[in-house]
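Please consult the sequence and the structure shown here alongside the text.

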Amino acid sequence: MSDADTGLIEALRLQWEWGADEALLESPQDRRHAAPAVVPPSAPPKPSAPPAAAARPRAPSLPPPPGDAAKLAASCHDLEALRAAMAGFTGCALRDTATQLVFADGAPDARLMVIGEAPGSEEDRIGKPFVGPAGQLLDRMLGSIGLDRRTARIANVVPWRPPGNRTPTDSEIAICLPFLRRQIALVRPRGLLLLGAVAAKALLASPERDQGIGRLRGTWRPVTIDGLDAPLPALPTFHPAYLLRMPAAKAQAWRDLLALRQWLETEDQPTKITSL
Ligand code: URA
């Protein structure tokens, strides 16, 4: 292998480690040999008008005090206002590496809200949650109990894709959580389906939040949301991405779906919620 090849592989590895794991253009561009932009010496001095906002480099965003997102979220009185507030929020650094905000999908007044972890690459490209391989499995899971993504509401704990699909950090989750909680308060679902450990840990209170998803799954747990009169019943289950990797867990996930179907059929009766 030539030195040039080794250099290319190293450059590719660096990009991959930094989360650049998909191509944006059809054909590769070798920017190492791109001609530098040349400013003719005789060019007249630029007018001193401020550069257009889009051209200005964005300052790296620092995590704001958690109160900022909480205040912003609390000031939103409908879902469109919440979406706009999140789109303009600069307090989460994930926004700088993601293509776009992935807000939510489904009915604004759904009975069931399904909560995932964070967008992946397909979701980041399209701007909707759960449209990649895990989303296709989720669609089949919901379909098996007579639901679909238009009648449910689907959102994530974190609305921007973490680079390289890594798990969001505790600090990223803490920053974004007020937006998800506000969305739940505005949708006012009758129950929640929590997909995977991140969603369960983000929304459940202690001592439930300190348990693994294997222990929590399959039992309705309480989630308290500001603005709702009573704790919402929430059913933790395995994340569909985990089920794609561990098909043996599908039998347990199926039992959880049956519990969900039974809940949907008897929704007018009080749900038995279990705290640890
Ligand atoms: N996984 C998630 O948790 N959310 C998505 O939107 C897609 C995959």
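Predicted model: local features only at pLDDT ≥ 70, side-chain atom pairs only at ≥ 80, totals over all residues.

## Ligand site

Around the ligand are Gly116, Glu117, Ala118, Pro119, Glu123, Pro129, Phe130, Asn156 and His239. By class, this shell consists of 4 nonpolar, 3 polar and 2 charged residues.

## Polar contacts and burial

A polar backbone atom of glutamate 117 is 2.7 Å from an oxygen atom of the ligand, and a polar backbone atom of phenylalanine 130 lies 2.9 Å from a ligand oxygen atom. Histidine 239 contributes through its side chain, a polar atom of which is 2.8 Å from an oxygen atom of the ligand.

The ligand taken alone exposes 230 Å², and the protein buries 91% of that area.

## Salt bridges

The model contains 7 salt bridges, counted as a side-chain nitrogen of Lys or Arg within 4 Å of a carboxyl oxygen of Asp or Glu. One of them joins the side chains of glutamate 122 and arginine 125, with an N to O distance of 3.2 Å.

How are glutamate 122 and arginine 125 placed in helix H5? Helix H5 spans residues 121-126. Glutamate 122 and arginine 125 are separated by about one helical turn, because they stand 3 residues apart in this helix.

Terms used. Residues numbered from 1 in each chain as written. Heavy atoms only, no water. Near = heavy atom within 4 Å. Polar contact = N/O pair within 3.5 Å; in protein donor to acceptor, adjacent residues only side chain to side chain. Areas by Shrake-Rupley, 256 points an atom, 1.4 Å probe, with all protein chains shown as cover. Nonpolar A, V, L, I, M, F, W, Y, C, P; charged D, E, K, R; others polar. Helix = DSSP H or I, 4+ residues; strand = E, 2+ residues; numbered from the N terminus.
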